[in-house]
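This report describes the nonpolar core and the aromatic contacts of one protein model. The structure is shown first.

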Amino acid sequence: FKCCSGNLLLLLHRSVIHVEVCGKVREQKQSSVELQVKPLNKGVESTLFKNNDKLAYIQVPSFLTSLPIDVFSGCSNLKVVDFKNTSFHEISDNAFRGCSSLVDIEISEHINSIGKYAFSGSAIDSAIALEDVSSIGEAAYSNCKNITSVVLPDGFTSIPNYLFSGCTNLTNFSFTNADLVSSIGVGAFQNTSISSFRFPKYCSVAADLVFAGNTALERVEMWQNANDLVVEGSDTPKEGETIEDLNTFIGADGTTKYGDVLGIRRINGQAFAGCTSLATLALYDDNGDLIPAASGVGDVNFPVTLTNTSGSSIDSSGKENFINTNVKAVKLDANLKQVSESCFDGVTSLTSVTFERYASLTPDGYDSSMKTISKYAFRKTNITSIDIPNSVTTVGASAFNGCKNLDSAHLPENPAGE
């Protein structure tokens, strides 16, 4: 087709294993090649090669301005892709999803966006183009089992949902500049093999399923400022101001400033569920140093900024945050308002739970902000004693059911529930 004056669309039988577009068809004789010729408007029909299990090599021609969704999805024998001479800017959604043999990709310097599930389930061993893009879709590298190490480059302020979910051999992850990152998405590191992770101080939520099923995870670290509560742009909260009030504040120039409390404020549903090696949640300070009193191996120390363990942005009902982990001791900060449903349900390694108290009573006469211990929260753990704050108004059904070693309990005077 070298002498054809216009661009062509080649509709090929699935037995075709190699096509060099606008060049020569130069592979073995094919048992069947069906060609349909029509004008090509600088694009390729979506799903043109989808699920072609013979195609092994593709060279994308320079005249193409885009790759449509699903174009090479499911090409299980595709090993090499070359589009270094193209000018388009985006790798589309599902472009190479399920290309389980794909190991070699030469990309264009113009690429600045990667779509959802673009490389999901492929055999690539690195996060292709991550350093060159400004936008990346959810699950772009999910189930890429050959990826072992990732360094998140400058420029990223968030990690999309499920970005590395199912990357079972991913053992090392680090930030070039963690202070730029304020959001880590749902299931971002689900079923990976990362053994230790430090949440950036500007990250306010440990999202649903963020590390769920990661059986290698042993240690998580969260930031806590030495002054306990610090607002970005302000030294301390105003007198009488609660954590919920600290979303914004009025600056010296009279304008409203962004002012969220730094640090984790919420641990969402199943965030660490199934992390069977997880024993430690430690706290670190402004200098990046671990806080000695809150970094013991086997201890879970919630930061003072944490107010809830029952948040959810998906249908996980905000529960089972630490189910099936290896936690031994838990310290619940006085600012925490609720222990979620099944939060530590069945964690047989858990022997100690401490509800911390404020240094002085609140104006309402309480020593803590804790209001609710949800049902099944500590069911079938091995705690030996429990001292519930007087601020608690609700203890859910079976919250301590099956705690066979529990021989000492102090309950508030008028809790609801059972």
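## Nonpolar core

A nonpolar core is a set of buried Ala, Val, Leu, Ile, Met, Phe, Trp, Tyr and Cys residues joined through side-chain atoms within 4.5 Å. The model discussed here is predicted. Its largest nonpolar core holds 100 residues, of which Phe96, Tyr141, Phe199 and Phe272 touch the most other members. Two or more residues are given to this core by each of β8 (149-152), β10 (172-175), β14 (219-223), β18 (280-284), β21 (329-332) and β23 (352-355).

The model contains 25 aromatic pairs. One of them joins Phe83 and Phe96 in a stacked arrangement, with 6.4 Å from centre to centre and 10° between the planes. Phe83 lies in the loop between β3 (80-82) and β4 (90-91), and Phe96 in the loop between β4 and β5 (104-106), so this pair ties together parts 13 residues apart in sequence. Phe83 is buried, at 0% relative accessibility, and Phe96 is buried at 0% as well.

Phe378 and Phe400 are also stacked, because their ring centres are 5.5 Å apart and their planes lie at 10°. Phe378 is in the loop between β24 (372-373) and β25 (385-387), and Phe400 in the loop between β26 (394-395) and β27 (408-410); the pair therefore ties together parts 22 residues apart in sequence. Both Phe378 and Phe400 are buried.

## Charges over rings

The charged end of Arg97 sits over the ring of Tyr117, at 4.0 Å from its centre. Likewise, the charged end of Arg379 sits over the ring of Tyr376, at 4.1 Å from the ring centre.

How values were computed
Residues are numbered from 1 along each chain as its sequence is written. This is a predicted model: local features need pLDDT of at least 70, side-chain atom pairs count only at pLDDT 80 or more; totals for chains, interfaces and linings use all residues. Side-chain values use heavy atoms; hydrogens and water are left out. Buried means under 20% relative accessible area, exposed over 50%, partly exposed in between (1.4 Å probe, protein chains only). Helices (H or I, at least four residues) and strands (E, at least two) are DSSP runs, numbered from the N terminus. Rings of Phe, Tyr and Trp (its six-membered ring) pair if their centres lie within 6.5 Å; planes under 30 degrees apart count as stacked, over 60 as edge-to-face and the rest as tilted. A charge sits over a ring if NZ of Lys or CZ of Arg is within 6 Å of the ring centre and within 35 degrees of the ring normal.
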